[in-house]
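Let's take a walk through this protein together, with the sequence and the 3D view side by side.

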Amino acid sequence: MSQRLINPGKKQGMNGQTLRLWALIIADSGVFAHSVLQKMSTIYGTEFGMATIGAILQLISICAVPLFCFLLVEGVQHTKCYWKYFLRVLGLAVVCEVPYDLIFCKKAFYWGSQNPVLGLAVAMVMLYIIKSYAGKGIKSVLINIVAVVMAATWVDIIHVAEGLPIIFIVATFWFARKKKAAQIFVGAIVICMCSMLSLDPKNPVENLDYLLAPMAVVLLQFYNGEPGEGNKLINYAAYPAIMMACWLIARFAF
């Protein structure tokens, strides 16, 4: 999220930095489960319940998607330089790709699946188009629809993990951003509907992923609109660094 002045009148609740920390912890719980716990369950079998714990953590980790979508919308609203913000997100997507492929695709480069951060970058392009043609006329409405459809098409074509949910959740949070209650309520409904986008008859358990994701809106209820204080480099480097650390542990510690 971009830097902005802190409103001294709002001190209660959770600021953006704290919300980002929660999102990172939740996301990395899935990374840890998919890499380290999965490797441990392979070695030690089901004796220590590693597979069960890993499955639970991976289901919970999907809650990070709406949190990062919300933070992106907040960042776009308050950033001082849109394209610098976009380049940071795009750069993060590039850096995340190798550790993401190593953990989830078992190889350093796999073009059949891209990491979710790239979906956030595509969503930023969508929001730029929507912002550029903001208005109340039919032209603006049509452009908004086209922008969302184009973004959804692109993330599907390039196989971005969680791509379609990211686009639809970001769009929902953006269009409902002027009223927090409506934003959270409608966002929760769209998040539930996102479970339909990942239907897989061969793996019915994965169909339940986004049924847990609405739990993320509980955290959003405590968001106070403040950015919080944090190191920008650490904020961006933490996710790929933790992914790489988890892969190294799974690869060499067992």
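**Helix pairs and loop residues**

Leu71, Leu72, Gly75 and Val76 in α3 meet Tyr82, Tyr85 and Val89 in α4, where contact means heavy atoms within 4.5 Å. By class, this contact of α3 with α4 has six nonpolar residues, one polar and no charged ones. Here Ala, Val, Leu, Ile, Met, Phe, Trp, Tyr, Cys and Pro count as nonpolar, Asp, Glu, Lys and Arg as charged, and the others, Gly among them, as polar. Helix α3 covers residues 64–78 and helix α4 covers residues 82–104; their axes come within 10 Å and cross at roughly 150°. That makes α3 roughly antiparallel to α4, a label for angles over 145 degrees. The axes are lines fitted to C-alpha atoms, for helices over the stretch in contact, and the angles run from 0 to 180 degrees between N-to-C directions.

Before going on, please keep in mind that this is a predicted model: local features need pLDDT of at least 70, side-chain atom pairs count only at pLDDT 80 or more, and totals for chains, interfaces and linings use all residues. Residues are numbered from 1 along each chain as its sequence is written, and side-chain values use heavy atoms, with hydrogens and water left out.

Now step back to the whole chain. The secondary structure of the protein comes to 11 helices and zero strands; helices (H or I, at least four residues) and strands (E, at least two) are DSSP runs, numbered from the N terminus. Of the 254 residues of the protein, 46% count as buried, that is, under 20% relative accessible area, while exposed means over 50% and partly exposed lies in between (1.4 Å probe, protein chains only). Among contacts with a separation of 6 or more, 75% come from residues 24 or more positions apart.

How do α5 and α6 pack? Helix α5 (residues 116–132) and helix α6 (residues 138–157) have axes 9 Å apart, at an angle of about 165°. The two are therefore roughly antiparallel to each other. On the α5 side, Gly119, Val122, Met126, Ile129 and Ile130 take part, and they meet Ile143, Asn144, Ala147, Val148, Ala151 and Val155 in α6. The residues of this contact of α5 with α6 divide into nine nonpolar, two polar and no charged.

Next, look at glutamine 17 in helix α1 (residues 16–44). Glutamine 17 is buried, because its relative accessible area is 19%. Its side chain makes a polar contact with the side chain of asparagine 235 at 2.9 Å. A polar contact is a pair of N or O atoms within 3.5 Å; within protein, one must be able to donate a hydrogen and the other to accept it, and residues adjacent in sequence count only if both atoms are side-chain atoms. Leaving aside residues up to four places away in sequence, glutamine 17 touches Pro227, Gly228, Glu229, Gly230 and Asn235.

Asparagine 224 sits in the loop between α10 (216–220) and α11 (232–252). With a relative accessible area of 11%, asparagine 224 is buried, and its side chain reaches the backbone nitrogen of glutamate 226 at 2.9 Å.

Finally, visit two other loops. Lysine 106, between α4 and α5, has a positive phi of about 65° although it is not a glycine; at 55% relative accessibility, lysine 106 counts as exposed. Histidine 159, in the loop between α6 and α7 (163–175), is not a glycine and has a positive phi of about 60°. At 43% relative accessibility, histidine 159 counts as partly exposed.

Note on methods:
Parallel < 35°, antiparallel > 145°, perpendicular 65-115°, else oblique.
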